[in-house]
Amino acid sequence: MVKIAFPNIGIKEFILDPVAFSLFGLEGRWYGLVIVTGMIAAFFYARYRAHMEGMDDDTLLDYFLFAVI
């Protein structure tokens, strides 16, 4: 359990469990959830920019898979 507080913006102290969810006995942590959300957001932003430059989705997907690995 982690105590988090933001007193200067009016959010009082609260306790956050590091485990976001549990599925079939496997725990999903908050930091993993944030990283995956960032990767998905980056992909959709790159897709938007690629369409503006005339790049097709297959090429973008190849670049993205290479970059993630």
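Guide: The chain exposes about 6,200 Å². Carbon and sulfur atoms supply 67% of that area. Accessible areas come from the Shrake-Rupley method with a 1.4 Å probe, and for residues only the protein chains shown count as cover. The model is predicted, so local features need pLDDT of at least 70 and side-chain atom pairs count only at pLDDT 80 or more, while totals for chains, interfaces and linings use all residues. Residues are numbered from 1 along each chain as its sequence is written, and side-chain values use heavy atoms, with hydrogens and water left out.

Buried residues make up 6% of the 69 residues in the chain. Here buried means under 20% relative accessible area, exposed means over 50%, and partly exposed is in between (1.4 Å probe, protein chains only).

Now the overall form. The C-alpha trace spans about 50 × 35 × 15 Å along its principal axes. The radius of gyration of the chain is 18 Å, whereas a compact globule of 69 residues would have one near 11 Å. That radius is taken over C-alpha atoms, and the globule rule is 2.2 Å times the number of residues to the power 0.38. The chain has two helices and four strands, in the order β-β-β-β-α-α along the sequence. Helices (H or I, at least four residues) and strands (E, at least two) are DSSP runs, numbered from the N terminus.

Next, the nonpolar patch. Phe-21, Leu-23, Phe-24, Trp-30 and Leu-33 make a nonpolar surface patch of about 560 Å². Patches take residues with over 30% relative accessible area and no salt bridge; like charges are joined within 9 Å, and nonpolar side chains (Val, Leu, Ile, Met, Phe, Trp, Tyr) within 5 Å. Strand 3 (19-23) and helix 1 (30-53) each give at least two residues to this patch.

Look at two of its members. Leu-33 sits in helix 1. Leu-33 has a relative accessible area of 35%, so it is partly exposed. Phe-24 lies in the loop between strand 3 and strand 4 (26-29). Phe-24 counts as exposed because its relative accessibility is 80%. Its backbone deserves a look too. Most residues other than glycine have a negative phi. Phe-24 is not a glycine, yet has a positive phi of about 55°.

Now the charged pairs. Side chains of opposite charge can pair when their charged atoms come close. The structure holds two salt bridges, each a side-chain nitrogen of Lys or Arg within 4 Å of a carboxyl oxygen of Asp or Glu. One joins Arg-29 to Glu-27, with the closest N and O atoms 3.1 Å apart. Arg-29 is partly exposed, at 33%. In another, Arg-47 meets Asp-57 at 3.4 Å, N to O. This pair links distant parts of the chain: Arg-47 is in helix 1 and Asp-57 is in helix 2 (residues 57-68), ten residues apart. Arg-47 has a relative accessible area of 32%, so it is partly exposed. Asp-57 is partly exposed too, at 33%.

Then the aromatic rings. A pair of rings is described by the distance of the centres and the angle of the planes. Rings of Phe, Tyr and Trp (its six-membered ring) pair if their centres lie within 6.5 Å; planes under 30 degrees apart are stacked, over 60 edge-to-face, and the rest tilted. That rule gives two aromatic pairs. Phe-43 and Phe-44 have ring centres 5.6 Å apart and planes at 70°, so this pair is edge-to-face. Phe-43 counts as buried because its relative accessibility is 19%. Phe-44, at 49%, is partly exposed.

Last, the start of the chain. Val-2 is in strand 1 (residues 2-6). Val-2 counts as partly exposed, at 41%. Beyond its neighbours within four places in sequence, Val-2 is in contact with Phe-14, Ile-15 and Leu-16. Contact means heavy atoms within 4.5 Å. Val-2 and Ile-15 are 13 residues apart in sequence, and 5.5 Å apart in space, C-alpha to C-alpha. Of the chain's contacts between residues at least 6 apart in sequence, 5% join residues at least 24 apart.
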